[in-house]
Amino acid sequence: MRTSDSARSETVRVTDILRDEIIDGVRKPGSRLVERDLARELGVSRVPIREALKQLAGEGLVSPRPNTWSTVREFTASDIADLNEVLGAFEVMTFELAAQRHTREGLADLEAAVARGREFAARGDAIGARRAAADFHEIVTELAGNVLLVEIGGLLSSRKRWLLSQHDDLAHVAEEHAGLCEAIARRDVSGISALVLDHLESSQRRHIAHSEKSLREAEQSAPNSDHDLSRSPS
């Protein structure tokens, strides 16, 4: 039994490491995830690596390939549009229920997540701010007090975390979350829907801006083929 528990613990640890590295941008979209290389890098056997890659494929972060490797998923514009459509319905319901059903203890957890987001944003800690933003949304789902909604939220969790990592306006996100938290605290069920939809819309704009910035940076860092050719011997 202890051997089984130990193997499961190792798989969970490896899965957590790889998930964070993908969402935090350490492992770039399209990069290869080779079982042998990951096992050597993380100091484990191939078994927990294989199980972790299966789990992450189920979460939508990894694309399996034949044999013993996978790639970090490259989200297309269509993938993101589909996710935003689902979140449009899911988040409105979740926040409305959270406004109705939250407890004092749950609200304190939510306020703490908002405070962390503001603190990380003020320090310019992008990874910390984005993780605090993800924590905020997960706590709201718990406050909704609906078991099925929590299960559905679990299926969306990694994709939502990835989407939240695709923005650079950290302070603005923290302030939007503060406004949503205040609406939940007031139990403003009628007003929170508009706030959520505004939050999702601004999130989409931030994602587009982040994508455009990343593309410009990639183009600027790419070698100038004309310049290289002009310097090459004839």
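Visitor: Is Arg-187 buried, partly exposed or exposed in this predicted model?
Guide: Arg-187 sits in the loop between H8 and helix H9 (189-221). Its relative accessible area is 42%. Buried means under 20% and exposed means over 50%, with partly exposed in between. Arg-187 therefore counts as partly exposed.

Visitor: What is phi of Arg-187 near?
Guide: Most residues other than glycine have a negative phi. Arg-187 is a residue other than glycine, yet its phi has a positive value. That phi is near 55 degrees.

Visitor: Are H5 and H8 roughly parallel or roughly antiparallel to each other?
Guide: Helix H5 (residues 104-123) and helix H8 (residues 170-185) pack with their axes 9 Å apart, at an angle of about 165 degrees. Angles over 145 degrees count as roughly antiparallel. H5 and H8 are therefore roughly antiparallel.

Visitor: How many residues in the contact of H5 with H8 are nonpolar?
Guide: On the H5 side the contact includes Leu-107, Leu-110 and Val-114, and on the H8 side it includes Ala-174, Ala-178 and Ile-184. Charged residues also take part, among them Glu-111 and Arg-118 of H5 and Glu-175 of H8. By class, the contact has two polar residues, three charged and, as nonpolar, eleven.

Visitor: How is H5 oriented to H6, roughly parallel or roughly antiparallel?
Guide: H5 and H6 have axes 8 Å apart and pack at an angle of about 165 degrees. The cut-off for roughly antiparallel is an angle over 145 degrees. H5 is therefore, relative to H6, roughly antiparallel.

Visitor: Is the crossing of H5 and H6 left-handed or right-handed?
Guide: Among the residues of H5 that meet H6 are Gly-106, Ala-113 and Phe-120, and their counterparts in H6 include Ala-132, Phe-136 and Ile-139. By class, this contact has twelve nonpolar, three polar and three charged residues. The crossing of the two helices is left-handed.

Visitor: How many residues apart in sequence are the parts tied together by Asp-20 and Arg-131?
Guide: The side chains of Asp-20 and Arg-131 meet in a salt bridge, with N to O at 3.8 Å. Asp-20 lies in helix H1 (residues 2-23) and Arg-131 in helix H6 (residues 126-143). The pair therefore ties together parts whose separation in residues is 111.

Visitor: Which residues are linked with Asp-20 and Arg-131 in a network of salt bridges?
Guide: Asp-20 is partly exposed at 24% relative accessibility, and Arg-131 is partly exposed at 34%. Both belong to a network of salt bridges.

Visitor: Are Lys-160 and Glu-91 buried or exposed?
Guide: Lys-160 forms a salt bridge with Glu-91, the closest N and O atoms being 3.6 Å apart. Lys-160 lies in helix H7 (residues 147-164) and Glu-91 in helix H4 (residues 77-101), so the pair ties together parts 69 residues apart in sequence. As for accessibility, Lys-160 and Glu-91 are each buried.

Visitor: How far apart are the closest N and O atoms of Arg-36 and Asp-37?
Guide: Arg-36 is partly exposed at 43% relative accessibility, and Asp-37 is partly exposed at 30%. The cut-off for a salt bridge is 4 Å. Arg-36 forms one with Asp-37, and the closest N and O atoms lie apart by 3.6 Å.

Visitor: How many salt bridges does the count come to?
Guide: The rule asks for a side-chain nitrogen of Lys or Arg within 4 Å of a carboxyl oxygen of Asp or Glu. By this rule the number of salt bridges is 20.

Terms used. Residues are numbered from 1 along each chain as its sequence is written. This is a predicted model: local features need pLDDT of at least 70, side-chain atom pairs count only at pLDDT 80 or more; totals for chains, interfaces and linings use all residues. Side-chain values use heavy atoms; hydrogens and water are left out. Axes are lines fitted to C-alpha atoms, for helices over the stretch in contact, and angles run from 0 to 180 degrees between N-to-C directions. Helices (H or I, at least four residues) and strands (E, at least two) are DSSP runs, numbered from the N terminus. Angles under 35 degrees count as roughly parallel, over 145 as roughly antiparallel, 65 to 115 as roughly perpendicular and the rest as oblique. Contact means heavy atoms within 4.5 Å. Buried means under 20% relative accessible area, exposed over 50%, partly exposed in between (1.4 Å probe, protein chains only). A crossing is left-handed if the near helix is turned anticlockwise from the far one by less than a right angle, and right-handed if clockwise.
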